Amino acid sequence: ATWLRQFSKPVVLVANKCDGRNYEGGLHEAYQLGYDEPFGISAAQNDALNELKMYIVDSLSAHFDAEE
């Protein structure tokens, strides 16, 4: 987390293995890094990946629209 902060760029924090009973624990660890709300996903279960993709697309679109 310290290494990423030196670049002063937006960061999307993604916590993998957030499925079933692991969901709360994985997010709790991610919150401790001090970034905005993390995305809790389960890559193996394909949980929340579409929401993450849409967030990234929307963020990039907003960034490029602002540059025009």
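Lys17 is exposed, with a relative accessible area of 60%, where exposed stands for over 50%, buried for under 20% and partly exposed for the range in between (1.4 Å probe, protein chains only). The structure is a predicted model, in which local features need pLDDT of at least 70 and side-chain atom pairs count only at pLDDT 80 or more, while totals for chains, interfaces and linings use all residues. Residues are numbered from 1 along each chain as its sequence is written, and side-chain values use heavy atoms, with hydrogens and water left out.

Lys17 is placed in the loop between strand 1 (14-15) and helix 2 (22-31); helices (H or I, at least four residues) and strands (E, at least two) are DSSP runs, numbered from the N terminus. Although Lys17 is not a glycine, its phi is positive, at about 65°. A positive phi of about 60° is likewise found at Asn46, which is not a glycine either and which is located in the loop between strand 2 and helix 3. With 52% relative accessibility, Asn46 also counts as exposed. In general, most residues other than glycine have a negative phi.

A search of the whole structure for aromatic pairs finds 2, a pair being defined by rings of Phe, Tyr and Trp (its six-membered ring) whose centres lie within 6.5 Å, with planes under 30 degrees apart counted as stacked, over 60 as edge-to-face and the rest as tilted. Trp3 and Phe7 form an edge-to-face pair, with 5.0 Å from centre to centre and 75° between the planes. Of these two residues, Trp3 is exposed at a relative accessible area of 58%, and Phe7 counts as partly exposed at 43%. Phe39 and Tyr55 form a tilted pair, with 5.0 Å between the centres and 55° between the planes. Because Phe39 lies in strand 2 (residues 39-40) and Tyr55 in helix 3, this pair ties together parts that are 16 residues apart in sequence.

Tyr55, partly exposed at 38% relative accessibility, also belongs to a nonpolar surface patch of about 510 Å², which is made by Val12, Val14, Tyr55, Ile56, Leu60 and Phe64. Such patches consist of residues with over 30% relative accessible area and no salt bridge, with nonpolar side chains (Val, Leu, Ile, Met, Phe, Trp, Tyr) joined within 5 Å and like charges within 9 Å; a salt bridge is a side-chain nitrogen of Lys or Arg within 4 Å of a carboxyl oxygen of Asp or Glu. Helix 3 (residues 49-67) gives the most to the nonpolar patch, contributing 4 residues.

Conventions:
Areas by Shrake-Rupley, 256 points an atom, 1.4 Å probe, with all protein chains shown as cover.
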